[in-house]
Number of protein chains: 2
Amino acid sequence: MINTSPLSGMMELSPAAQIEFDRLKNIIHQTYESFGYSSIDTPVLERAEVLLAKAGGETEKQIYRFKRGDADLAMRFDLTVPLARYVVEHQNELAFPFRRAHIGKVYRGERAQKGRFREFYQCDVDVIGRGDLELFYDAEVLAIIAAVFTKFDLGSFTLRINNRKLLKQFFSFLEIMDSAEVLRILDKADKIGEASVKKELKLLRLNGLEINKVLAFSKIRGTLEDVRGQLKKVDAGLLKALEKPLAELEEINGLLLAMGIKQNNFCFDLAIARGLDYYTGMVFETSLDEHSGLGSVCSGGRYDNLTGTFSKQKMPGVGASIGLTRLFSQLLELGIVKDGAQKTPSQLLVLPLGEKLEEALVIAQKCREVGLKVETYGGSRNLKKQLQYANSSNCPWALILGDDELSSKKWTLKNMVSGEQKTVTTAHQIKLAIEKA
Amino acid sequence: MINTSPLSGMMELSPAAQIEFDRLKNIIHQTYESFGYSSIDTPVLERAEVLLAKAGGETEKQIYRFKRGDADLAMRFDLTVPLARYVVEHQNELAFPFRRAHIGKVYRGERAQKGRFREFYQCDVDVIGRGDLELFYDAEVLAIIAAVFTKFDLGSFTLRINNRKLLKQFFSFLEIMDSAEVLRILDKADKIGEASVKKELKLLRLNGLEINKVLAFSKIRGTLEDVRGQLKKVDAGLLKALEKPLAELEEINGLLLAMGIKQNNFCFDLAIARGLDYYTGMVFETSLDEHSGLGSVCSGGRYDNLTGTFSKQKMPGVGASIGLTRLFSQLLELGIVKDGAQKTPSQLLVLPLGEKLEEALVIAQKCREVGLKVETYGGSRNLKKQLQYANSSNCPWALILGDDELSSKKWTLKNMVSGEQKTVTTAHQIKLAIEKA
């Protein structure tokens with residue numbers, strides 16, 4: 001027989017786990033929409049030249065690419081390149097700044113390993129300006145992500161915010177040229193330890209004073225006030241040298257508070273750099289405070305020119321992405337989300353025990369009409385078989401309709417969890433009972 | 001510059017058209033769920049041997065298939081083969097009969113032509129039994145499709161229902177062996193005309209009487225009573241010969257009426273055969289009565305053995321599929337749906353005309369908290385630029401917050417369609433005004 005498991009690196013859930021996954025996906029979707037972001041949907045397949053126009057070596061290695069006749073096709077590896085293409089292609093149909101949401105699957109033929117997926121959902125939110133784009137939108141994207149994680153209700157979380165300009169001007173203040181290399185080394189500090197970081201920085205010809213300043217700077221984290229105070233300690237001249245990027249952080253800080261983001265849900269963290277070259281301003285990561293081992297569960301930032309390879313028009317943007325497939329698999333593994341709370345889409349299972357189905361169907365339909373999700377067991381009339389199905393389906397409520405119930409018009413509503421039963425006579429009563437529980 | 005159009009045969013919509021597409025997709029999703037169908041999500045990429053296990057020549061030609069290292073991969077061309085694999089793989093997590101809904105993209109590298117898509121959404125609903133599956137589920141699938149098209153509100157529609165067993169026994173009654181060939185010829189009657197049909201049937205060595213009976217049979221359509229009456233006219237012996245399949249139609253007829261399907265939304269049509277070999281019982285197509293040129297907008301039927309290539313366990317099923325991408329493109333073209341009713345996800349656009357954004361943001365957030373979808377214009381404070389954005393964004397309502405409005409706490413709510421303005425002071429008032437309109 002043929003192997004029926006899904007391909008390795010591709011998540012496939014049981015119906016119960018899928019309900020929980022979809023619940024989180026819906027929270028993201030509804031939050032993005034509540035801020036007025038337009039959902040778009042682009043093809044999974046694109047011309048390879050479009051996807052690879054700006055891509056680097058890793059991407060070229062991982063992309064699923066194939067020939068079809070003359071066409072050189074590839075499966076999208078993110079939703080950002082398709083966004084750039086979409087914005088250029090549809091620019092006359094869009095109002096700028098264009099707020100777009102996109103939740104879709106992307107593909108990366110990575111080496112299979114734990115926590116890495118070859119097919120996974122990205123849940124992206126971006127604002128694209130034409131010509132320029134105010135700092136307000138940076139704050140809005142952060143506020144949206146804070147709103148999503150508040151609704152996720154996975155314990156406390158922190159958006160750790162930084163600004164690439166702050167990093168750039170810090171290195172320029174210290175007259176360190178090779179800032180990209182320094183950032184790369186700092187980025188692995190958690191893995192290799194401070195001693196090794198120092199050693200590597202030395203190899204870059206940083207002197208002891210510079211190394212100390214760089215390390216002290218990279219540890220700065222806290223409120224804006226904390227940041228200012230700590231910067232002053234690193235070097236008295238820094239506050240002045242970093243005046244402009246600090247003013248940007250200050251503006252974002254004020255906007256976040258105005259949008260109702262709680263002070264304990266964000267901080268400024270000067271260690272955040274984000275590997276990707278295209279970020280040019282605000283950058284951020286998100287950590288679940290009680291599960292810091294998960295690393296960043298959502299990140300993003302500001303980029304100066306989204307559409308460079310497709311258009312001469314300069315289009316700056318700011319955005320964030322939640323890698324939901326990976327996050328969900330981690331939450332499942334840690335037992336933080338369970339594929340349990342709700343196991344079926346249906347709220348009510350109608351069990352027609354009498355010979356004739358028709359009357360039961362009329363009642364089931366009435367229950368749907370008052371807004372309930374209702375399934376009818378349509379198999380054997382045998383009570384034992386019906387209860388067996390009721391147990392395995394995990395539907396929380398059952399409506400028992402034997403010949404007696406139908407002729408007396410008094411139906412038995414059973415709570416399948418507690419076992420309690422009550423008599424009901426209308427769809428409305430059923431709805432009330434289910435909603436009250 | 002690189003070509004930024006999507007690949008030919010792949011639908012990509014403007015944000016406004018996407019809203020309408022998603023509205024229809026949501027109707028389908030919610031209707032499937034209201035009958036208790038579990039949504040599943042399987043990978044787009046599968047092992048080629050899985051997808052092609054049972055496939056015929058057309059599919060092998062159209063499938064997107066490629067090698068990756070040792071792996072022979074392919075993109076799914078329907079949701080039925082993945083369902084078969086899923087049911088076998090997850091059978092211990094499922095309650096049977098398993099009701100599953102799946103809305104997802106599928107891929108067929110067809111020759112590009114009008115109305116044909118290479119990437120398109122299928123919206124499938126199926127029930128899978130283990131061992132056997134009652135006729136009730138056939139009726140339920142039909143009732144679900146009727147509920148979807150009722151909610152679509154695209155004018156009157158008709159489910160045209162038949163039974164492959166009826167066809168089989170009819171041909172066996174006439175002792176016509178080559179029934180598949182006869183059906184193939186009848187199927188193109190609309191295209192080639194009756195004279196050509198007769199000619200081709202003659203080539204199959206049917207005699208004149210047989211040809212007349214076959215043609216008369218294939219024109220039978222109506223209520224169950226109509227069907228019986230017309231069958232009797234074709235041949236007095238038919239009612240008895242077709243007793244069993246007619247009893248199935250009768251049972252389905254009664255169940256549909258019990259589930260509240262209106263008599264004018266379905267009929268029995270003995271011309272419906274469905275090309276696919278795997279249907280073995282009930283088959284149906286759906287036509288929009290005022291747009292019969294569209295052909296069938298949803299079809300499906302009963303199959304005896306879904307999982308034959310993956311398991312020894314016999315698993316019969318019944319299902320239906322809506323090809324939403326194709327349907328939507330046809331409806332757009334005919335002007336039946338418009339990308340117009342709602343152009344943005346947001347209901348309210350907050351225009352902060354004063355220098356300080358913060359107060360406007362607090363108000364916008366309050367509006368979100370009462371359940372409105374709200375976007376804030378974050379660009380220039382210039383009134384002209386803001387109104388320009390308001391017009392191009394097509395948001396139906398704007399809340400104008402200049403310095404005067406903020407200091408007096410009397411905000412101006414403007415209906416962007418009628419131009420009417422009114423003064424409001426709370427988020428709740430705004431919500432009421434928007435909902436009342």
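1. Start with the packing inside chain A. In this predicted model, the largest nonpolar core counts 99 residues. The members with the most contacts inside that core are A:Tyr32, A:Ile145, A:Phe149, A:Val214 and A:Ile322. If you want one element to look at, pick helix H5 of chain A, residues 136–152: this helix gives the most to the core, with 13 residues.

2. Now for the meeting of the two chains. How many residues of chain B are in contact with chain A? The count is 90, and they touch 90 residues of chain A. Interface size is often given as the accessible area lost when the parts come together. Here chain B and chain A bury about 7,700 Å² between them, and 58% of that is on carbon and sulfur atoms.

3. What about charges and polar groups across that interface? Eight salt bridges are counted between chain B and chain A. One to look up is the pair A:Lys373 and B:Glu33, whose side chains meet in a salt bridge at 3.1 Å, N to O. Sorted by class, the side of chain B that touches chain A has 44 nonpolar, 25 polar and 21 charged residues.

4. Is A:Thr4 buried or exposed? A:Thr4 has 9% relative accessibility, and the cut-off for buried is under 20%, so A:Thr4 counts as buried. Not counting residues up to four places away in sequence, A:Thr4 touches B:Arg85, B:Val88, B:Glu89 and B:Phe310. With B:Glu89 there is also a polar contact between the two side chains, at 2.7 Å.

5. In chain A, the peptide bond from A:Phe96 to A:Pro97 is cis, with omega near -5 degrees. A:Pro97 sits in the loop between helix H4 (80–89) and strand S5 (98–107) of chain A. In chain B, a cis peptide bond joins B:Phe96 and B:Pro97, with omega about -5 degrees. The place of B:Pro97 is the loop between helix H4 (80–89) and strand S5 (98–107) of chain B.

6. Two non-glycine residues with positive phi are also worth a glance. A:Asp153 has a phi of about 60 degrees although it is not a glycine. This residue is found in the loop between H5 and strand S7 (157–163) of chain A, and A:Asp153 is exposed, with a relative accessible area of 64%. In chain B, phi of B:Arg205 is near 70 degrees, again a positive value in a residue other than glycine. B:Arg205 lies in the loop between helix H9 (194–203) and helix H10 (208–218) of chain B. At 77% relative accessibility, B:Arg205 counts as exposed.

Terms used: Residues are numbered from 1 along each chain as its sequence is written. Chains are lettered from A and ligands numbered from 1 in the order in which they are written. This is a predicted model: local features need pLDDT of at least 70, side-chain atom pairs count only at pLDDT 80 or more; totals for chains, interfaces and linings use all residues. Side-chain values use heavy atoms; hydrogens and water are left out. Contact means heavy atoms within 4.5 Å. Buried area is the accessible area (1.4 Å probe) that two parts lose on being put together, summed over both. A salt bridge is a side-chain nitrogen of Lys or Arg within 4 Å of a carboxyl oxygen of Asp or Glu. Ala, Val, Leu, Ile, Met, Phe, Trp, Tyr, Cys and Pro count as nonpolar, Asp, Glu, Lys and Arg as charged, and the others, Gly among them, as polar. A nonpolar core is a set of buried Ala, Val, Leu, Ile, Met, Phe, Trp, Tyr and Cys residues joined through side-chain atoms within 4.5 Å. Buried means under 20% relative accessible area, exposed over 50%, partly exposed in between (1.4 Å probe, protein chains only). Helices (H or I, at least four residues) and strands (E, at least two) are DSSP runs, numbered from the N terminus. A polar contact is a pair of N or O atoms within 3.5 Å; within protein, one must be able to donate a hydrogen and the other to accept it, and residues adjacent in sequence count only if both atoms are side-chain atoms.
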